Amino acid sequence: MDFKLDKVHQLQQQLFRTFAETEIKPLAKDMDETEKYDLNLLKKLQKYGFLGIPYAKEYGGCGSDTLAYTLCMEEVSKIDASTGITISVHTSLACSCLNNFGTEEQKQKFLRPLVDGSKIGCFGLTEPGAGSDVQGAQTVAVEDGDDYVITGSKIFTTNSGFADTIILFALTDRTVPAAKGLTAFIVDRNMPGVEVGDNIQRMGIRAASNCIVSYDNVRVPKSRILGQLNKGFKIAMGALDCGRIGIAAQSVGIAQGALNEAIKYAKERKQFGKKIVAFQNTQFNIADLQTKIDAARLMTWRATIAEDNHERFSPLAAMAKLFASDVANQVTRYAVQMMGGYGYCREYPVERMMRDAKITEIYEGTSEVMKIVIAGSMKLK
Amino acid sequence: MKIVVCIKQVPDTAEVKLDPKTNTLIRDGVPSIINHDDKAGLETALRIREEKGGTVTVVCMGPPQADVALREALAMGADEAYLLSAREFGGSDTYATATIIAAALKKIGFDLVITGRQAIDGDTAQVGPQIAEQLGVPQVTYAESVKVDGDSVIVKRQFEDRAHVLRVKLPCLITALTELAEPRYMNVGGIVDAYAKQVKIIDFESLRNSLNPDWIGIKGSPTNVVQSFTKQAKAAGTVMKDLTADQAVAAIMDKLIARHLI
């Protein structure tokens, strides 16, 4: 067992870090304030291969692996969690569904432009009445000749403001529970009947695009069914397993980014005649939190490597996300506290990081859902 | 067209400190980077290739750890990479370094050689011109723009108070300023490819026929470092207080005139 990154991953990590520091950092505050993602930045992410990291070169990807993607998520989220979720939803949710379940023809047609970054993907599962409980889904797809006609509404669709391709889940059989009647469709955002609403106003990750998307009699050819009819639930759950690794890495990034800011501040700020980093209380807090961050990172890497090795990783990803998201919230809260009034000010990035951290305990499966997944894997019943 | 870019791996001087006792650089734990001028030269070579076709080869002389600098160059888009590394090369000054690199370049072949103006850890600006002399090709230093035109290159050369625009026939050597081009980042997939490629090692044995062992390494280096020291702070300046803006301007002008500076 070796916890050291190999040369390829070390150099990739260096690239992600430099890019985030140079290209993302100057924009992060402004994007948060204006609640708008910078589309030029998105183009740069595409240019340097950030949008197709774990996918094969034959589909236009980087030919790298989940570990590289995880490193990217951490480094980018250290600076800006909104960029993290933008990359994550595109990569882990939209692209992974196509990569794992698409036919060769679908991969060439739909995966390739996503993986090479020329198009952006999003994932339509959550509905106003169906969050953790997918059984509440009401979006339906009705067969009509060679097409399905889809009607319904999805909420919290990340990237939907600028995405081109939607992996959309709709009920094709309403006589059975959603788990057995859900089908995945590949939908273009510019198809007639697809309407993307305004950006939903949120507490954190405010630069990310996140809207209600409504579908009014959207006609989708049968050739755009992803996987098999009525087998969409498995596709959705598989994608969320992949997504949770990304969110765990995002959480590690937010935590490390906030702690780095706090340490920098503690080395400069003087109170009671000395720098606050000189107080043992400060040092003990920092030591405690760095230990937790390292533990979260190792759990994330464990789940990542299991995925790369094609082993069962669902409970590992759930544990990593459960733990890392909690750590992200603890660390960001401490960073604000340690920096006092300045930490609370928007001039410094830690208040943004604290707001951004909260969502990691909620999206792509809440912490409570993570516990269901973990307990379920332990055969307790 | 075959473009060869010479790069040097240097300590990131933004993070370097001097050992107060020995006055040498403390390199332990300091990250290594590709020298800025060299990276601008590499970017220029990649742009020329994109416009005119051809290949970009990178060459680096250094210890085995310099491999990562060449991988970075490959990940930015270079086609092939050579590491000039041998025990016999150790301790070379600029003259001996240029001798080794020139011998390697003869072996590799080139139409256009691009080096950086100077390295941030030595600041001599000698190696590029010395390579050109040893190769017997024309050189243009301090390039701030480079354009290939048929069988020649048009280079804008920076001077203190002006710029010269020169047309020079290929083959030739150009030394690049950092301002020449903003280097691209590596590509994520490019890094995977960079490690799938081979960095070719050129050691002393492979250059033996064209390299006199007396001209390289410490033995072949005419430069002797007698002493290295930290620059002392300059004497305190004159402080003139309580002047109006006009008086201050007049006082400064008087001083400058008195010293024949204007």
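Modeller: A strand here is a DSSP run of E with at least two residues, a helix is a DSSP run of H or I with at least four, and both are numbered from the N terminus. The model is predicted.

Biologist: In which strand of chain A is the place of I186(A)?

Modeller: I186(A) touches Q106(A), F110(A), T165(A), I167(A), R224(A) and L226(A), leaving out residues up to four places away in sequence. As for its own element, residues 182–188 of chain A form the strand that holds I186(A), and that is strand 5.

Biologist: Does I186(A) count as buried or exposed?

Modeller: A residue is buried if 20 or more other C-beta atoms lie within 10 Å of its own. I186(A) has 23 C-beta neighbours inside 10 Å, so I186(A) counts as buried.

Biologist: What distance separates the C-alpha atoms of I186(A) and A262(A)?

Modeller: Along the chain, I186(A) and A262(A) are 76 residues apart.

Biologist: How many residues of domain 3 of chain A are in contact with domain 2 of chain A?

Modeller: The assignment for chain A gives domain 1 (7–115), domain 2 (121–230) and domain 3 (234–377). The C-alpha centres of domain 2 and domain 3 of chain A lie 30 Å apart. On the side of domain 2 of chain A that touches domain 3 of chain A there are eight nonpolar, three polar and no charged residues. Domain 2 of chain A brings eleven residues to this contact, and the number from domain 3 of chain A is nine.

Biologist: At roughly what angle do the axes of helix 3 and helix 7 of chain A cross?

Modeller: Two packed helices are described by the distance between their axes and the angle between them. For helix 3 (residues 66–79) and helix 7 of chain A, the axes come within 7 Å, and the angle is roughly 40°.

Biologist: Is the crossing of helix 3 and helix 7 of chain A left-handed or right-handed?

Modeller: Among the residues making the contact are T66(A), T70(A) and M73(A) of helix 3 of chain A, and I245(A), G246(A) and A249(A) of helix 7 of chain A. By class, this contact has seven nonpolar, eight polar and three charged residues. The crossing of helix 3 of chain A past helix 7 of chain A is right-handed.

Biologist: Why is helix 10 of chain A largely enclosed by the rest of the structure?

Modeller: The buried residues of helix 10 of chain A are V350(A), E351(A), R352(A), M353(A), M354(A), D356(A) and A357(A). They pack against helix 1, helix 4 (81–101), helix 7 and helix 9 (314–344) of chain A. Helix 10 of chain A covers residues 350–358 and is largely enclosed because, of its nine residues, the number buried is seven.

Biologist: Which helix of chain A gives the largest share of the side that touches chain B?

Modeller: The contact takes 15 residues from chain A and twelve residues from chain B. The chain A side has nine nonpolar, four polar and two charged residues. Six residues of that side, the largest share, come from residues 7–34 of chain A, which are helix 1.

Biologist: What percentage of the residues of chain B count as buried?

Modeller: Chain B has seven helices and 13 strands. Its C-alpha trace spans about 70 × 50 × 40 Å along the principal axes. Of the 262 residues of chain B, the buried share is 40%.

Biologist: Which residue does a cis peptide bond join to L170(B)?

Modeller: The bond has an omega of about -5°.

Biologist: Is D242(B) buried or exposed?

Modeller: D242(B) is not a glycine, yet has a positive phi of about 55°. D242(B) sits in the loop between helix 6 (204–207) and helix 7 (245–258) of chain B. D242(B) has 6 of them, so D242(B) is exposed.

Technical notes
Residues are numbered from 1 along each chain as its sequence is written. Chains are lettered from A and ligands numbered from 1 in the order in which they are written. This is a predicted model: local features need pLDDT of at least 70, side-chain atom pairs count only at pLDDT 80 or more; totals for chains, interfaces and linings use all residues. Two residues are in contact if their C-beta atoms, placed from the backbone, lie within 7 Å. Ala, Val, Leu, Ile, Met, Phe, Trp, Tyr, Cys and Pro count as nonpolar, Asp, Glu, Lys and Arg as charged, and the others, Gly among them, as polar. Axes are lines fitted to C-alpha atoms, for helices over the stretch in contact, and angles run from 0 to 180 degrees between N-to-C directions. A crossing is left-handed if the near helix is turned anticlockwise from the far one by less than a right angle, and right-handed if clockwise. Domain bounds come from an automatic or database domain assignment. A residue is buried if 20 or more other C-beta atoms lie within 10 Å of its own, exposed if 12 or fewer, and partly exposed in between; C-beta atoms are placed from the backbone.
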